[in-house]
Amino acid sequence: MSVPVRTLEEIYGDGFERQVKRYSDLVEAFTKKFGAAPDIICRAPGRVNVIGEHIDYHHFGVLPMAIEQDILCAASATRERRIRLSNKQPEYEEFDKPMWDLSITGHKWFDYWLCGFRAVVEHAQLERQVGMNCMVDGCVPRSAGLSSSSALVCSAAMAVAAANDVQLEPQAFASACMIAEQYVGTMGGGMDQSICFLAERGMAKHITFLPVGCESIQLPDCVTFVVANSLSEINKAAPGSQFNVRVVEGRAAVMMIGKYLQLDWQNMRRLYELKFVLQKSFDEMIDQMHDRFREPTPITRKEIQGFLEASDEEFESIVLSPTTKDMTKFQVRDRSLHVYGEAGRVEKACHLGTDINAANELGRLMNESHASCRDLYECSCPELDELTEVCKAGGALGSRLTGAGWGGCAVSIVPNGKVDSFMAYVREHYYAKNPERLARIDSALFATKPGSCASYVKL
């Protein structure tokens, strides 16, 4: 199965008419900028992770769904061997360079586009690529935990593939984009890219990594998912970011436990591998963490390095990364407890059913997830903690941060008949308290249902 070609109605359902002008405006702006209409428009959706935070890069399954908000990439191939990138939003600078000068140097919007370019070039082993004119337009809130960066990478990869006549299956696109996004410094897993290409309208997806799988999950139909942006932002790819620190802390935990149990620890990097080798349940793995790491205090680099009998060079090679090489303390116990607890919650969430009892239980699991993210993984922030409490007080059955955390969005499940009153409550008790928040509420607070996957757009 290849990436589908779909009409606006097929993509957006009943809401397609309000998208017509947006697409027409993009075509008009592209034509004005480059002198001709685009050959193709690629659409990649953002996503909400219902539950399963910070566990995909340990190869545990997650439960995301696509949302209607998306990134569009209008593109045409050119004879001149240059890449010209423009953003419909005027605050973003343009990019115009020859094919031999396409290095990824930072975290600007076009660096993520270039990740998509490299995804296709490296996966398909393209020795010569055509030049391209591209214009991007997005409505996924930036740095909000809704995967705007991965959606940009994926839309770019689709455009590059089309321009160079490369055919890739959706899972191949997802894998290539996941690997390439690491060029901007994000040590993530494959959840964002997988849900982008494998999503299905009306369904969440249980995405697993070992083995690779994607199972449709029917969520309770008596509730609506509401996304609320805390409007606190973080750059998870920045040097020294807490996101990459958490990846390394989990890696250190795996190696320490592996060596303690006399396993092949030198070849272990992810907490899934430890569970697989030991063949234990999630609860048993949590007991194992408590047994080995009795105190919740951080462990120093010197202590870990001594236990692993690793030199400075070896430790930096097998544990650290370029953005975390200056770490001196590692909170291995609590990070591991979160990962195994959260992976267990995902497994439970996939087998709940669709009635009100299932909705209540999903809400309870979501509340547990946020508490674990806040207390064990320490990836929340005061704004998100305040926002989730407001959401629960406003009638949500459950509310949790979604995405990397340290800012971004909360996702809540709300009974269908209470959505309007819930949103009014959150507006009054979170956004109206701060004029800057209130000014951005139109894009910050919205109800959503599981949306469709990435596609080429037939206008």
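The structure described here is a predicted model.

Aspartate 326 has a relative accessible area of 63%, and it is classed as exposed because the class covers values over 50%. Along the chain, aspartate 326 and aspartate 283 are 43 residues apart, and 33 Å separates their C-alpha atoms.

Glutamate 295 belongs to the loop that runs between helix H9 (282-292) and strand E10 (299-300). Its relative accessibility of 54% makes this glutamate exposed. Between glutamate 295 and aspartate 25 there are 58 Å in space, C-alpha to C-alpha, and the two residues are 270 residues apart in sequence.

## Salt bridges between separate elements

Side chains of opposite charge can pair when their charged atoms come close. The model contains 33 salt bridges. In one of these, the side chains of aspartate 70 and arginine 43 meet, with an N to O distance of 2.7 Å. Aspartate 70 is part of strand E3 (residues 63-78) and arginine 43 is part of strand E2 (residues 40-51), so the bridge ties together parts that are 27 residues apart in sequence. Both aspartate 70 and arginine 43 are buried.

Another salt bridge joins the side chains of lysine 108 and glutamate 93 at 2.9 Å, N to O. Lysine 108 lies in the loop between strand E5 (95-98) and helix H3 (109-124), while glutamate 93 lies in the loop between strand E4 (82-87) and E5; the pair therefore ties together parts that are 15 residues apart in sequence. Lysine 108 is partly exposed, with a relative accessible area of 43%, and glutamate 93 is also partly exposed, with a value of 41%.

Arginine 118 is in a salt bridge with glutamate 122, and their closest N and O atoms are 3.4 Å apart. Helix H3 holds both arginine 118 and glutamate 122, which are 4 residues apart, or about one turn of the helix. Arginine 118 is partly exposed at 26% relative accessibility, and glutamate 122 is partly exposed at 37%.

Salt bridges also link several residues into a network, made up of Glu53, Glu342, Arg345, Glu361, Arg364, Glu368 and Arg400.

For cysteine 73, which is in no disulfide, the nearest cysteine sulfur is that of cysteine 134, at 4.3 Å. Cysteine 73 has 0% relative accessibility and is therefore counted as buried.

Cysteine 350 is likewise in no disulfide, and the nearest cysteine sulfur to it, that of cysteine 214, is 11 Å away. With a relative accessibility of 11%, cysteine 350 is buried, because buried means under 20%.

Histidine 59 is not a glycine, yet its phi is positive, at about 70 degrees. This histidine is located in the loop between E2 and E3.

Serine 143, another residue other than glycine, has a positive phi near 50 degrees. The loop between strand E6 (131-138) and helix H4 (148-163) is the place of serine 143. Its relative accessibility is 25%, so serine 143 counts as partly exposed.

Technical notes
Residues are numbered from 1 along each chain as its sequence is written. This is a predicted model: local features need pLDDT of at least 70, side-chain atom pairs count only at pLDDT 80 or more; totals for chains, interfaces and linings use all residues. Side-chain values use heavy atoms; hydrogens and water are left out. A disulfide is a pair of cysteine sulfur atoms within 2.5 Å. Buried means under 20% relative accessible area, exposed over 50%, partly exposed in between (1.4 Å probe, protein chains only). A salt bridge is a side-chain nitrogen of Lys or Arg within 4 Å of a carboxyl oxygen of Asp or Glu. Helices (H or I, at least four residues) and strands (E, at least two) are DSSP runs, numbered from the N terminus.
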